[in-house]
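Please read each point with the structure open beside it.

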Amino acid sequence: ISLMRLSKPINFTRKGFSLPLTNIRYMSQESSLSEVLSAELQEEIQNDEINQEFLDIKSQISKNFKITEEDGSGIVKLHSINSSEDIEIVFDCQDEVQDESDMHDMYEEEEGYDEDEEEAIGGIGIKFHVTINKKNSNDKLVFYCTAGQNITIENTQYLPAGKTIEDTNIYHGPVFDKLSDDLRESMLAYLADRNIDEDMSFFILSYSENKEQ
């Protein structure tokens with residue numbers, strides 16, 4: 001067979017034949033492309049799962065609250081539906097804080113403390129406030145909170161009729177951590193009875209993340 005009639009060049013090595021360098025490069029590029037496409041596909045699948053979780057929690061929250069946004073800002077408001085009270089929840093998608101909702105327990109439990117878990121416990125939280133008032137009263141009760149792994153109450157405030165949270169001369173109430181355990185648990189239960197619980201926390205975090213994308 002004449003070498004001139006071969007359609008593709010063959011490289012000779014001491015051990016015999018080898019593939020041309022151009023073919024090796026092509027196979028390498030093809031393998032890299034396959035890995036990139038596979039990674040992109042996995043990311044899309046994960047994003048779809050995350051988006052579905054967000055849509056599910058949004059649908060659940062919408063059963064009890066009407067969700068509205070302020071145009072041109074990251075402020076989101078939720079208003080109660082079919083409730084004997086007027087409940088308003090307000091948060092800014094960009095108002096992020098360090099979530100230390102579980103840090104107190106970690107420091108209290110000195111035995112078994114694992115430094116490697118410290119970063120996993122703390123995360124990003126979103127600040128929000130809840131205003132509650134009976135429909136037959138103009139007085140309001142305000143809870144200043146953080147949505148993180150759990151709902152964290154920072155402090156509470158009582159607003160007499162005609163006053164708003166913008167009034168700087170109004171007493172903001174005691175620091176939540178300074179209250180007794182029983183009182184703190186009662187306040188968290190008070191909010192949970194009004195559907196302001198871990199599901200609400202997850203919604204606020206998910207909504208903020210989707211809003212920023």
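Predicted model: local features only at pLDDT ≥ 70, side-chain atom pairs only at ≥ 80, totals over all residues.

1. Strand E4 (residues 75-80) and strand E5 (residues 85-99) pair in the antiparallel sense over 5 bridges, where two strands count as paired if DSSP finds at least two bridges between them. Within this pairing, Leu78 has Ile89 of E5 as its bridge partner.

2. Residues are numbered from 1 along each chain as its sequence is written, and side-chain values use heavy atoms, with hydrogens and water left out.

3. Strands E4 and E5 belong to an open sheet of 6 strands, in the order E3-E4-E5-E6-E7-E8, with antiparallel pairing. Strand E3 (65-69) and strand E8 (151-159) stand at the edges with a single partner strand each, so one side of each is left without a neighbour in the sheet. On average, neighbouring strands of this sheet are turned by 20° against each other, direction ignored, the axes being lines fitted to C-alpha atoms, with angles between N-to-C directions that run from 0 to 180 degrees.

4. The chain has 5 helices and 8 strands, and along the sequence they follow the pattern β-β-α-β-β-β-α-α-β-β-β-α-α.

5. How many aromatic pairs does a search of the whole structure find? The search finds 4, where rings of Phe, Tyr and Trp (its six-membered ring) pair if their centres lie within 6.5 Å, and planes under 30 degrees apart count as stacked, over 60 as edge-to-face and the rest as tilted. Phe54 and Tyr207 form an edge-to-face pair, at 5.9 Å centre to centre and with 65° between the planes. Because Phe54 lies in helix H1 (residues 21-61) and Tyr207 in helix H5 (residues 198-212), the pair ties together parts that are 153 residues apart in sequence.

6. Phe54 is buried, with a relative accessible area of 10%, and Tyr207 also counts as buried, at 6% relative accessibility; buried means under 20% relative accessible area, exposed over 50% and partly exposed in between, with a 1.4 Å probe and protein chains only. Phe54 and Tyr207 form one aromatic cluster with Phe91 and Phe203.

Technical notes:
Helix = DSSP H or I, 4+ residues; strand = E, 2+ residues; numbered from the N terminus.
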